[in-house]
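Welcome! Please take a moment to look over the model below before reading on.

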Amino acid sequence: MMRVVVLRSPKQNDSYALAMQEAGFDVKFIPTLHFDFVSQRELSDAVSNPSHYSGLILTSQTAVEACSRALSDGVLKGWSSMPVFVVGTATAEAAHSWLAVTPEGGGAHGNSKLLAQAIIEYFMGTDRAQLKPLLFPCSDLHMETLPSILQEAGLPLSCVVSYRTIPHPDLQRCLREEEEAILPHGKVWLVFFSPSGVQFVSQLARPLLEAGGTKLAAIGSTTAEAITKIGLRVSAVAMAPTPQSLVSAMAASDHL
């Protein structure tokens, strides 16, 4: 049974764990990222004044949590008639559950590039000069992909850095344990969920990433690009941020 190390914190009844176990993998989770929420007063002022914006962009569940923390009762008020754009179904579900909003497209856009194109299409025909900015709560390490595409299309954006992304306190210890267990003789899949995870893990466990028995999987093309940029090969890319897409990509790679 091949081992799969999922580089994020586990969740209750985790759908990724269930899907990979059903596919015959031995699954282990390593908490990889930790988030410090910042600029809460600035974000609170922003989300409490929807009339100042043309819409809201949420690219992660952490961005949803940042908005929820910034509100006294955790619920967005006054946004029901305004578009809320999200990346992925998990973020859509979090936005609906925590903020009581229904995102455009139900989270069908699996990465920032696709979401940016959907936003541009949504505002097609709108007078850009009259358009208010889109509110974008984000990480200090956010990629410039979405802001660049929107700005090139003439769509104004108001970015509020709402959380800092840092390595999880247990990451180095857990990676060292994996190296000791796997490097001598084993094979393993490492599954990355974000460019930040790629950055931190590569700094702490480069030998594990480069070992002959290690295969790397990425959720989405942006994370895959982060892996290739540090000189490593990606064996599987889940083009949709779903357990089924990940398992299918890994299975296809294993049969090559």
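Predicted model: local features only at pLDDT ≥ 70, side-chain atom pairs only at ≥ 80, totals over all residues.

Residues are numbered from 1 along each chain as its sequence is written, and side-chain values use heavy atoms, with hydrogens and water left out.

**Strands**

Helices (H or I, at least four residues) and strands (E, at least two) are DSSP runs, numbered from the N terminus. Two strands pair if DSSP finds at least two bridges between them.

| Strands | Sense and bridges | Residues opposite each other |
|---|---|---|
| strand 1 (residues 3-6) and strand 2 | parallel, four bridges | Val6 and Phe29 |
| strand 8 and strand 9 | parallel, five bridges | Phe192 and Ala218 |
| strand 9 and strand 10 (residues 236-238) | parallel, three bridges | Ala218 and Val237 |

Let us start with strand 9. Six of the six residues of strand 9 (residues 214-219) are buried (under 20% relative accessible area; exposed is over 50%, partly exposed in between, with a 1.4 Å probe and protein chains only), so this strand is largely enclosed by the rest of the structure. Thr214, Leu216 and Ala218 cover one side, and Lys215, Ala217 and Ile219 the other. Strand 2 (residues 26-29) has a covered face, Val27 and Phe29, and an uncovered one, Asp26 and Lys28. In a regular strand the side chains alternate between the two faces of the sheet.

Strand 9, helix 10 and strand 10 make a right-handed β-α-β unit, and strand 1, helix 1 (residues 15-22) and strand 2 make a right-handed one too. Right-handed here says that, with the strands pointing away from the viewer, the path from the first strand over the helix to the second runs clockwise. Ser221 sits in helix 10 and, at 18% relative accessibility, counts as buried. Beyond its neighbours within four places in sequence, Ser221 is in contact (heavy atoms within 4.5 Å) with Asn111, Val237 and Met239.

**Helix 8**

Which residues of helix 8 are buried? In helix 8 (residues 195-204) they are Ser196, Gly197, Val198, Phe200, Val201 and Ser202. These buried residues pack against several elements, including strand 3 (33-37), helix 7 (171-182) and helix 10 (221-229). Gln199 also lies in helix 8, but is partly exposed, with a relative accessible area of 36%.

**Cores and rings**

A nonpolar core is a set of buried Ala, Val, Leu, Ile, Met, Phe, Trp, Tyr and Cys residues joined through side-chain atoms within 4.5 Å. The largest has 25 residues, of which Leu58, Leu76, Trp79, Leu99 and Leu135 touch the most other members. Helix 3 gives the most to this core, with five residues. Apart from it lies another core of 24 residues, among them Leu171, Phe192, Val198 and Val234.

The whole structure holds seven aromatic pairs (rings of Phe, Tyr and Trp, its six-membered ring, with centres within 6.5 Å; planes under 30 degrees apart count as stacked, over 60 as edge-to-face and the rest as tilted). The ring centres of Tyr53 and Trp79 are 6.3 Å apart and their planes at 20°, so this pair is stacked. Tyr53 and Trp79 are both buried. Elsewhere, Phe35, Phe37 and Tyr163 form one aromatic cluster.
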